[in-house]
Amino acid sequence: MGELKTELKNKIITSLNLEDISVEDINDNDNLFGEGLGLDSIDALELIVMLDKDYGIKLTDPKEGKKIFESIETMAKFIEENRTK
Amino acid sequence: MENCYINGIGCISAQKSFEKDYLIEPIVYSEENILKVVKPNYKDYISPAAVRRMSSGVKNGIVASTMAINDAGIESPGAIITGTGMGCMQDSEKFLNNLINHDEEYLTPTSFIQSTHNTVGGQVALGLKCKAYNFTYVNTGVSFESALLDGLMQVENQDGQNVLVGGIDELADHTSKLYKLIKHTKSDDEAPYDIINKRTKGSISGEGAAFFVLDKEKTANSYCKLADVKFVNNLENSGLETFVNDFLASNDLIASDIDVILFGNNGDIEFDSYYDQLEPLFGEAAILYYKHLFGEFMTSSSIAVSLGSDILRSQSIPGALFKNEVSHPKGEIKNLLIYNQYRGKDHSLILLKNV
Amino acid sequence: MSNRVAITGMGIISSIGMDLEENLNSLKNSRHGISKIEHIDTKLKDKILVGEIKKTNQELESILKLPQKNSWSRTSMIGTIAALEAINNAGIDVKSDSDIGFINATTVGGMDMTERYFYDFIDNPENRRYIQSHDAGNNTHNICDYIGLNGFVTTISTACSSAANAIMLGARMISSGRLDKVIVGGTDALSKFTMNGFNTLMILSDTYNTPFDENRKGLNLGEGAAYLVLESEKSYKKRNKQPIAFVSGYANANDAFHQTASSEDGEGAFLAMKKAFEVAELTPKDIDYINVHGTATPNNDLSEGRAIINIYKDSEKVPEFSSTKPFTGHTLAAAASIEAVFSIFALREGLIFPNLNFKDKMKEFDLTPVAELGHKEVNTILSNSFGFGGNCSSLIFTKSH
């Protein structure tokens, strides 16, 4: 699980071009959206593609992402439970 | 017609145009057939959160518009009007690349969103929280001129509102390759390039962003008056001279009233003859060109307006711009004309006047 | 009514018809043009529905008698077909009249050809003629060269509000005395680029689009082109031409909220409508029918609905309204001119075209679109178009008495 979390942090930083942020800057329970890391709805769509591409999880409704992408913690948990690759 | 003044300018180009008097020591290009912009420090103008999704064209547009607004000393404009020939090519290429090479799988939205032609106009509005009129023109060689004309009309119609007008185009790698294939850009093996003395097929390609604040009111910072803009897709049988003379006449001028003319020469053997044709008409004017320093792109006349505005305000002409011999006008520089065409189409005239 | 500009001709091509007559017949008979895509080879084929014109590029080329080795995109071809009808309908002679302008709108330009040959261009000189057809202006130039128009020519690209802005600029060019006649509108062909792009935003429906319905699932993209001929009073009187309707109000405003999404209360939309009423010197009460943008995305319809309610907050009720996108799909840069033609049909025929597929009212507000063909006198129409980049435009059309 710890490994997956670091992997996710790295992926978020590269795929969303968060140039000035490093893995250490993101805590597992930080909010990814709004006040926390400041991600927005376009980033959520990027993350949905990442779930599909890297973990074989398909979301059909962008609203589903809201809970899943709350933090690295929630994302990692969801991926562990649902991944097909 | 109401007066329309140019009160603020911001320009990002293949020269250090974000600095004052940058043409005293211009960057001279002779080995390059593609001129990229000299990058400003983007972080001074755009927040890290916003910059992460922006292609260089969008960044240049944001910086140039911010510079123009600061230069004019205004808060937020009463209209935002942009022109771009090719639009956001870098993001279009990125999305196309993913689409083609990944066979429509795992596509992400960011480059698609950023590929829209009105990205810069929308982003400038978003940054300024400006809810005013917002248009984007995309008509090849007169994309910027269309924006400028709309700006002029907005100044005429709006009470006391200033207008932000700009032209933006960005280079993108694959598209640059394609334009070389069809010789719109000069071949790699022709260097050194000299667009006046060695005409061949195609032009030196470039990119840039130039923004202007137009206003009904003259200020201490006013560069010049934007007197008129006119453009046509094709010259009719009556020809170029009639087009120019009619334009001058409608502004109560004749050819000999023009003190400085800025031509769009780009060294293309197929189309530079248009400028040759006009030269004798302006025998008394200082004849200038600029694309050897800035490259050719669909909104390059925005650079010409920036240069013309600087010339009128400073009443001096940088030596690097003279096409033939250096011959400064004797008296005051009052009327400055810009003539441009793009591959034989989209002929445009812009008239600037001293204030 | 100082700002009123006459409309003296129109032309259209869409998935519900190749010309004015076919489009009107489809509208009268609730015959939509939404189907599976046939002419583009895409992985989305079985996942989405579109408003596709059922003619191949070869068929369009032969309608226009283009030479075999042309460099025309599909956008240019459908645009030319609609422009020719508009010219014919207005009875103007473009070739001999040097004072006619052309204001086009497109978002994709020649993308349909670029996406086909983008990498192939390198190895295959045969197709390189299509390289220059990519840029938007090239499509406008093709249309002008074909119809023989030389003069004031420009193109607008503000995403889904593009054609509304072309109509607006045309009206301003006429009322400021800069032009006597101008052809205005937009054209966009379907492309893999736009279909996949909208798909990444997760706003494409896998079934028929249902604007203003509680269970709406997103939009169907479409393709088409439509143009109006706008004319000054002096010009149409001189040639004894009776206007078919008027452009009476227009405005553009920016939502300045988000790059693609509309704000919750639709402030940009509200401002565009409000300013259009000011230009028209009319009040919201004067409107008999609203042709809403109504794309059937969750975000647009909620935001637009709230903006409309806000505009009508001092009135007893919101006028009858519908989205005609269930007929044609969302035709992007052509949408506002296609809907302008439909609005003029509504004025002329005394009809209100239905918001097809509607079942359940949205829970957020009490707004029910017209779901069946309506008959009544229609004198004044408000038409909305909103696009990416917060671009919001409203037009007001009035009947010619």
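## Contact between chain A and chain C

Across the interface of chain A and chain C, one residue pair is in polar contact, with both residues at pLDDT 80 or more; a polar contact is a pair of N or O atoms within 3.5 Å, where within protein one must be able to donate a hydrogen and the other to accept it, and residues adjacent in sequence count only if both atoms are side-chain atoms. By class, the side of chain A that touches chain C has five nonpolar, two polar and one charged residues (Ala, Val, Leu, Ile, Met, Phe, Trp, Tyr, Cys and Pro count as nonpolar, Asp, Glu, Lys and Arg as charged, and the others, Gly among them, as polar). Zero salt bridges are counted between chain A and chain C, a salt bridge being a side-chain nitrogen of Lys or Arg within 4 Å of a carboxyl oxygen of Asp or Glu.

Eight residues of chain A are in contact with five residues of chain C, where contact means heavy atoms within 4.5 Å. Chain A and chain C bury about 480 Å² between them, and carbon and sulfur atoms give 73% of this area; buried area is the accessible area (1.4 Å probe) that two parts lose on being put together, summed over both. I42(A), L45(A) and P62(A) supply 65% of the area that chain A buries against chain C, more than any other three residues.

## Basis of the model

This is a predicted model, in which local features need pLDDT of at least 70 and side-chain atom pairs count only at pLDDT 80 or more, while totals for chains, interfaces and linings use all residues. Residues are numbered from 1 along each chain as its sequence is written, chains are lettered from A and ligands numbered from 1 in the order in which they are written, and side-chain values use heavy atoms, with hydrogens and water left out.

## The two domains of chain B

Chain B is assigned domain 1 (5-215) and domain 2 (225-353), with bounds from an automatic or database domain assignment. The C-alpha centres of domain 1 of chain B and domain 2 of chain B are 21 Å apart. Between these domains of chain B, 49 residues of domain 1 are in contact with 44 residues of domain 2. The area buried between domain 1 and domain 2 of chain B is about 3900 Å², 66% of it on carbon and sulfur atoms.

Two salt bridges are found across the interface of domain 1 and domain 2 of chain B. The side chains of R199(B) and D276(B) meet in a salt bridge at 2.8 Å, N to O.
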